[in-house]
Amino acid sequence: MSKLPSRASVFRRVLVALGGLLILLLAACAQESPQTTIDPQTAFGDDIQYLLKLTFFAAVGVFILVEGFLIFVVFRYRAHASETGAPAQVHGNTRLEVIWTIIPAVMLIGIAVPTTRIIFDTQAPAPKDSLPVTVIGHQWWWEFQYPTLGVTTANELHLPVGQTAAFSLESADVQHSFWLPRLGGKRDVIPNHVNELWWAARDVGTTPGQCAQYCGTSHANMRMIAVVQSQADFSQWVQAQKAQPAQPPDGSAAAAGRAVFARSACIGCHTVEGVSQGKVGPDLTHVGSRTILAAGIISNTPEDMARWLKDPPAVKPGSLMPNLHLSDDDVNALVAYLESLK
Ligand code: HEC
Ligand SMILES: [Cu+2]
């Protein structure tokens, strides 16, 4: 017969396990958790949160009852030193079996009813006064089109606070998943199929999101931000996005950059209103107005922009914008031009 562990060693093991649990618990107290799903900012998020709480606390109740009963039975009915031989053998108990079939069935119905209601609510057509937004997933960036406003942008989703946005989710290549954890999602973005999603953001502010479906080399670098603005700020943003960017003054660095852009491969892949019509990469007509570049892995500073233009795949592994081996002069001119496109 193997030797039982001593009391002291059992105690030590329990202490280590409790310490581990405590660390996990304290990790949940981190102040900065911008991608938390349990602080929803939309009615859609509230619904999901309600289902999560319902099932979680029901499971906690079941756990406490079942484990409590188990521990009670283990101690109450354990063998005493005086008892030898096999215990009495019991087989089958119809009443118990009926009870422990009915109780879980009732609990599952209790979960299924609100789940089904919320599935139907969230799959219903969007309200009539919603703002349509077409989301197109690309390897590895997001395109946002506002068909009723005539605006196209990338990676930085602007939304008016309080107004429902009705997203049509499309993919240009492989499967992605649209996920802004604090607002709502995670909904698949599938080639040759349009998925719908709608919600209204309650609070003004910027919140991060990312692709949530593995889509290739730089899946982890396919991020985005949602900028929720007051109606007035949003309208101002729309006006600025619709305006034709001003011609850079003759002889300026920006004018030189425009010339480099117009004679380089850029025009085959990028649109700048009035200059080129490329559709492979992000629309650059107002790239200077964005705060992030390359789907949020760098910020839109002249330094980061230059780093990107010099060697995109070095900044973003697998980038579908190739290294164009630009000279430093061309890079500097391009940075001046692109940053002027507000
Ligand atoms: C073969 C197509 C292709 C060519 C040629 C190309 N690009 Fe790109 N470009 C892309 C793609 C695709 C992305 C998106 C990369 C990503 O975020 O994964 C991109 C991203 C960018 C971005 C970042 C935009 C943003 O909002 O994140 C800038 C700026 C840019 N390109 C400028 C240029 C310039 C300037 C040239 C010419 C010197 C050029 N590109 C040539 C495909 C191309
Ligand atoms: Cu992805």
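Axes here are lines fitted to C-alpha atoms, for helices over the stretch in contact, and angles run from 0 to 180 degrees between N-to-C directions. Helices (H or I, at least four residues) and strands (E, at least two) are DSSP runs, numbered from the N terminus. This is a predicted model, in which local features need pLDDT of at least 70 and side-chain atom pairs count only at pLDDT 80 or more, while totals for chains, interfaces and linings use all residues. Residues are numbered from 1 along each chain as its sequence is written, chains are lettered from A and ligands numbered from 1 in the order in which they are written, and side-chain values use heavy atoms, with hydrogens and water left out.

**Stop 1: two helices side by side**

Select helix α2 (residues 43-76) and helix α3 (residues 94-123). Their axes are 10 Å apart, and the packing angle is about 170°. Contact means heavy atoms within 4.5 Å. Residues making this contact include Phe-44, Tyr-50 and Leu-54 of α2, and Met-107, Ile-111 and Ile-118 of α3. By class, the contact has 10 nonpolar, 4 polar and 2 charged residues. Ala, Val, Leu, Ile, Met, Phe, Trp, Tyr, Cys and Pro count as nonpolar, Asp, Glu, Lys and Arg as charged, and the others, Gly among them, as polar.

**Stop 2: the domains**

Colour the chain by domain: domain 1 (36-67 + 97-124), domain 2 (131-236) and domain 3 (253-340). These bounds come from an automatic or database domain assignment. The centres of domain 1 and domain 3, taken over C-alpha atoms, are separated by 48 Å.

**Stop 3**

Go to the loop between β1 (131-138) and β2 (141-146), where Trp-140 lies. The peptide bond from Gln-139 to Trp-140 is cis, with omega near 5°. Next, find Asn-155 in the loop between β3 (151-154) and β4 (156-160). Asn-155 is not a glycine, yet its phi is positive, about 65°. For comparison, most residues other than glycine have a negative phi, and most peptide bonds are trans.

Then select Trp-179 in strand β6 (residues 176-180). Its C-alpha atom is 5.6 Å from that of Gly-209, a residue 30 places away along the chain. Beyond its neighbours within four places in sequence, Trp-179 is in contact with residues including Thr-37, Lys-186, Gly-209 and Met-224.

**Stop 3: a crossing of helices**

Select α5 (residues 253-263) and α9. Their axes come within 7 Å and cross at roughly 105°, so α5 and α9 are roughly perpendicular. Among the residues in contact are Val-260 and Phe-261 of α5, and Leu-334 and Tyr-337 of α9. This contact has 9 nonpolar, 2 polar and 3 charged residues.

**Stop 4: ligand 1**

A polar side-chain atom of His-270 is 2.7 Å from a nitrogen atom of ligand 1. An oxygen atom of ligand 1 lies 2.7 Å from a polar backbone atom of Ala-294.

Definitions and conventions. Polar contact = N/O pair within 3.5 Å; in protein donor to acceptor, adjacent residues only side chain to side chain. Parallel < 35°, antiparallel > 145°, perpendicular 65-115°, else oblique.
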